[in-house]
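Hi,

Here is the structure I said I would pass on.

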Amino acid sequence: MENASFPRMSDAVLPPQLAALTVNVAVELGGSKQDLFDPLGFSEASLYEDGRLLRFSEMYALIERAMTVASAPWLGLEVGRAETVNTWGVLGYALMSCATERKALEIGAEYYAAAPSLMKTSAIIEDGMLRVQMDPLHDLPHLLPFCVEENMTGICAVSSSYMIEPFKPTEVWLTYEAPTYSARYEDTFQCPVLFEQSANIMWAREPTDRPLKTSDPIMAQTCLKMVQDVISQHSGEPDFIHRMREILLETPGDIPDLNEASARLSVSARTLRRRLAELGTSFKQLTQEVRRDLALDYLRSTPLNIDQISHLLGYTETTNFRRAFKQWTGKPPSAFR
């Protein structure tokens, strides 16, 4: 959705359904809850607290632990397969109550951000086929397979629960190299799966005006209003700032300076400063927020040492990074980790 704010690692916007399901599937595969939660900064019980929303950094840390304790690098396939309408929250109920396949596609494409999503998902009709593309919200290559697997198999499982004819992809494209468990992909999707492609895309037949088996006009109207309310809570950031964050995060190890960023936006540096000031922020503030979010993720989710993280964030001196981090969090990076 174009006006959705670009999520930061520290944004607490994820409903806990997907996290809880990931834990359950990991345990079913032989993982231990204690081993899973011990290194994390939150407990399983906290997932069920009223109004609990997870930060992206918390969700990614949980996923990484779940794959480790379950000894299942293909965990995303299993989590997506286990998803139900309830996993998608109010968006799931809005979709299942739509009148037709086509209407469900329209609602899903516009309001996907109301569900606990780890990917930016877009759906269009191209050459008579449905093209569902999934782009990562954060640059975490080691977790990209999980995020793609969960999203793709989740769409198949949840959509099939309310469609008369189950949702089946005709071809799957993936940007990363074939993992050691690649045979599981064709077993799961029952179609050709191509790796090292230009984008993560699931192709399927074009939706029709065929009714859904769970259509409910009154429920559809109620749920759509609830979905819109959820979206409005997290859509306060203007498109221009959204785009700025995307540019700053395109190359996390080489964050562009003001002149580079303005060139990518096709505006002058002076215009960029003015527009950001009109929106109540500045290039320096946005850059610091991006560095902060990346630092938090690196400390929580990677074994990188402080000097390596400092270098990745563009600091010439580790002491400057330590000083900045303490200003952001009140703690030195070693104590935070």
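The buried residues of H5 are Gly-89, Val-90, Leu-91, Gly-92, Ala-94, Leu-95 and Met-96. Buried here means under 20% relative accessible area, with exposed over 50% and partly exposed in between (1.4 Å probe, protein chains only). That is 7 of the 8 residues of the helix (residues 89–96), so H5 is largely enclosed by the rest of the structure. Helices (H or I, at least four residues) are DSSP runs, numbered from the N terminus.

Before you go on: this is a predicted model, where local features need pLDDT of at least 70, side-chain atom pairs count only at pLDDT 80 or more, and totals for chains, interfaces and linings use all residues. Residues are numbered from 1 along each chain as its sequence is written, and side-chain values use heavy atoms, leaving out hydrogens and water.

Now the rings. Searching the whole structure gives 11 aromatic pairs (rings of Phe, Tyr and Trp, the last by its six-membered ring, with centres within 6.5 Å; planes under 30 degrees apart are stacked, over 60 edge-to-face, the rest tilted). Phe-56 and Tyr-60 make a tilted pair, 6.2 Å centre to centre with 35° between the planes. Both sit in helix H3 (residues 56–70), 4 residues apart, about one turn of the helix. Phe-56 counts as buried at 3% relative accessibility, and Tyr-60 does at 2%.

There is also an aromatic cluster formed by Trp-74, Tyr-176, Tyr-181, Tyr-185, Phe-189 and Phe-195.

Cheers

Definitions and conventions:
Helix = DSSP H or I, 4+ residues; strand = E, 2+ residues; numbered from the N terminus.
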